Amino acid sequence: MKSLWTVYVSFFCGAVSLALGLMLIQDTHKSRMTWYQIEKLLTQQEELEIEYNQLRLEKSMLATGAILDKNIRTHLDMVIPDPTTVVYVNDNKIKTLADISISSISNASQ
C-alpha cells in the first residue's frame with residue numbers, strides 16, 4: 001500500500017512540476033514578446049517624434065515667411081504693382097507686362 005501511495009504522490013509531483021515548467025516557459029515567451037512589442041513601439045515613437053519636430057519646424061518657417069510678408073506690406077506700405085506699370089528690360093527692348101500678355105495671346109492664337 002505504501003509503495004502505491006508513493007507512486008501516486010511521485011506521479012502527482014511530477015505532473016505538477018511539468019505543468020509549472022510549461023507555465024514558466026509560456027510566461028517567459030509572453031514576457032519576451034511583450035518586451036519586443038515595447039521596443040518596437042518605442043522605435044516607432046522616436047520616428048514619429050522626429051517627423052513631428054520636422055513638421056513643426058516647417059510650419060514655423062512657413063509662418064515666419066507669412067508674418068514677414070504681412071509686416072513688410074503693412075509697415076512699408078508695399079503693394080503688388082499694376083500690371084500695366086511693370087516694365088521688363090530684355091535685349092535692349094523695353095516691354096510692359098501688358099505688351100507681353102498681348103503678344104503671348106496673339107502668338108497662341110496663331
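The protein exposes about 10500 Å², of which carbon and sulfur atoms supply 65%; accessible areas come from the Shrake-Rupley method with a 1.4 Å probe, and for residues only the protein chains shown count as cover. This is a predicted model, in which local features need pLDDT of at least 70 and side-chain atom pairs count only at pLDDT 80 or more, while totals for chains, interfaces and linings use all residues. Residues are numbered from 1 along each chain as its sequence is written, and side-chain values use heavy atoms, with hydrogens and water left out.

Of the 110 residues, 1% count as buried (buried is under 20% relative accessible area, exposed over 50%, partly exposed in between, with a 1.4 Å probe and protein chains only).

The protein has 2 helices and 2 strands, in the order α-β-β-α from the N terminus. Helices (H or I, at least four residues) and strands (E, at least two) are DSSP runs, numbered from the N terminus.

Helix α1 spans residues 2-75 and contains Met23. Together with Phe12, Val16 and Leu20, Met23 forms a nonpolar surface patch with about 410 Å² of accessible area. Such patches join nonpolar side chains (Val, Leu, Ile, Met, Phe, Trp, Tyr) within 5 Å, and like charges within 9 Å, among residues with over 30% relative accessible area and no salt bridge.

The whole structure holds 1 salt bridge, defined as a side-chain nitrogen of Lys or Arg within 4 Å of a carboxyl oxygen of Asp or Glu. Arg73 pairs with Asp69 in a salt bridge, their closest N and O atoms lying 3.1 Å apart. These two residues are 4 residues apart in helix α1, so about one helical turn separates Arg73 from Asp69.

| Residue | Relative accessible area | Class |
|---|---|---|
| Arg73 | 36% | partly exposed |
| Asp69 | 38% | partly exposed |
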